[in-house]
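Reader: I am new to reading protein models. Could you take me closely through one part of this one, step by step?

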Amino acid sequence: MTQIQDEAELRAILGQPLQRALDKDRDRLTTHHVEWLRHSPLCLLGTSGADGSCDVSPKGDPAGSLVHVIDDRRLALAERPGNRRADGYANILTNPHVGLVFLIPGRGDTLRVNGRARLLRTDDGGPGYVDALVVKGRRPVLVCEVEVEQVFFHCAKAFLRSQLWDPRTWRPDALPSRAEIAHDMERPDDSVEELEAYYGAQYSANLY
């Protein structure tokens, strides 16, 4: 087994990107980017800490409420109540560089955004646009504002290969349920039945 050591060796294997793949980068949001963000209900937020440790965290809301476009160089994501680990946000405090991938159900192409992030309080009134991120009457617990440095559309090959959106490939019952995993690895003192109830209707009712 030979480890790839440098970019020259990597390029010898993968080849050089086509010029049109390089030319699709923008440093600000266009109409097409804004429309995509308006219809996206899910994004993956990638961060890296000062020590190089990495984290990727999913962020989801109803389409139109996930992200607010401030202007052609800035967007904002709402943070909702969760498990309070905040691994990615802790990374941002020491290294503001972030990468985001915005998905639309059924679409294989995605929108990628790279830039610099900052975290803003909402308990002191928050930025002027925070009301645009209210869902079910609840304000975000904080806002992650991103200054866009690079934005481009990514092709669908990964989603086509994975058949992610093809229901015929879905096998959600091939693995233990979330409750069974939680019982085995996180909450052994709770029964599977109790955890099934916790992750059922009660869980969905407490999203905001």
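Author: What follows is a close look at the paired strands and the core beside them, with a few other spots for contrast.

Start with the whole. This is a predicted model. The protein has 208 residues, and buried residues make up 30% of them. There are eight helices and seven strands. The C-alpha trace spans about 55 × 50 × 40 Å along its principal axes. The accessible surface comes to about 13500 Å², and 53% of that belongs to carbon and sulfur atoms. Now take the contacts with a separation of 6 or more: residues 24 or more positions apart account for 64% of them.

Now the strands. Begin at β1, residues 42-48. Strand β1 runs antiparallel to β5, residues 97-103, and six bridges join the two. Look at Gly46: its bridge partner in β5 is Gly99. Stay on Gly99 and turn to β6. There, the bridge partner of Gly99 is Asn114. Go one step back along β5, to Val98. The bridge partner of Val98 in β6 is Gly115.

β5 and β6 are also antiparallel, with six bridges between them. Strand β6 covers residues 110-121. Together β5 and β6 form a hairpin, with six residues between the strands. Find Gly106 in the turn: Gly106 has a positive phi of about 90 degrees.

Move on from β6 to β7. These two strands run antiparallel, and 12 bridges join them. One place to look is Leu111, which stands opposite Phe153 in β7.

Keep one general point in mind here. In a regular strand, side chains alternate between the two faces of the sheet.

Next, the core. What is the size of the largest nonpolar core, and which residues have the most contacts inside it? This core has 22 residues, and those with the most contacts inside it are Leu77, Leu100, Phe102 and Val113. Several elements give two or more residues to this core, including helices α3 (31-39) and α4 (87-94). Strand β7 gives the most, with four residues.

Zoom in on Val113. Leave out residues up to four places away in sequence. Val113 then touches Leu75, Val98, Gly99, Leu100, Phe102, Val148, Gln150 and Val151. Two of these names have come up already: Val98 and Gly99, each with a bridge partner in β6.

Now for charges. Side chains of opposite charge can pair when their charged atoms come close. A search of the whole structure finds 16 salt bridges. One of them joins Lys59 and Glu79, whose closest N and O atoms are 3.0 Å apart. Lys59 sits in strand β2 and Glu79 in strand β4, 20 residues apart, and the pair links distant parts of the chain. Are these two buried or exposed? Both Lys59 and Glu79 are buried.

Compare Arg74 and Asp71. Their closest N and O atoms are 2.9 Å apart, again a salt bridge. Arg74 has a relative accessible area of 31%, so it counts as partly exposed. Asp71 is partly exposed too, at 28%. Another pair is Asp190 and Arg187, with closest N and O atoms 2.9 Å apart. Asp71 and Arg74 also belong to one network with Arg118 and Glu145, joined by salt bridges that share partners.

Ala63 is in the loop between β2 (54-60) and β3 (67-71). At 44% relative accessibility, Ala63 is partly exposed. Leaving out residues up to four places away, Ala63 touches Arg38, His39, Ser40 and Pro41. Ala63 and Leu37 are 26 residues apart in sequence, and their C-alpha atoms are 8.1 Å apart.

Asp131 is in the loop between β6 and β7. Why does Asp131 count as exposed? Its relative accessibility is 55%, and exposed means over 50%. Asp131 and Ile92 are 39 residues apart along the chain, with 24 Å between their C-alpha atoms.

Last, helix α1. Leu14 is found in this helix, residues 7-14. Leu14 is exposed, at 61% relative accessible area. With Ile4, Leu10 and Ile13, Leu14 makes a nonpolar surface patch of about 370 Å².

How values were computed. Residues numbered from 1 in each chain as written. Predicted model: local features only at pLDDT ≥ 70, side-chain atom pairs only at ≥ 80, totals over all residues. Heavy atoms only, no water. Patch = residues over 30% accessible without salt bridge, like charges linked within 9 Å, V, L, I, M, F, W, Y side chains within 5 Å. Areas by Shrake-Rupley, 256 points an atom, 1.4 Å probe, with all protein chains shown as cover. Salt bridge = Lys/Arg side-chain N within 4 Å of Asp/Glu carboxyl O. Buried < 20%, exposed > 50% of the residue type's maximum accessible area, 1.4 Å probe, protein only. Pairing = 2+ DSSP bridges. Core = buried A, V, L, I, M, F, W, Y, C linked by side-chain atoms within 4.5 Å. Contact = heavy atoms within 4.5 Å.
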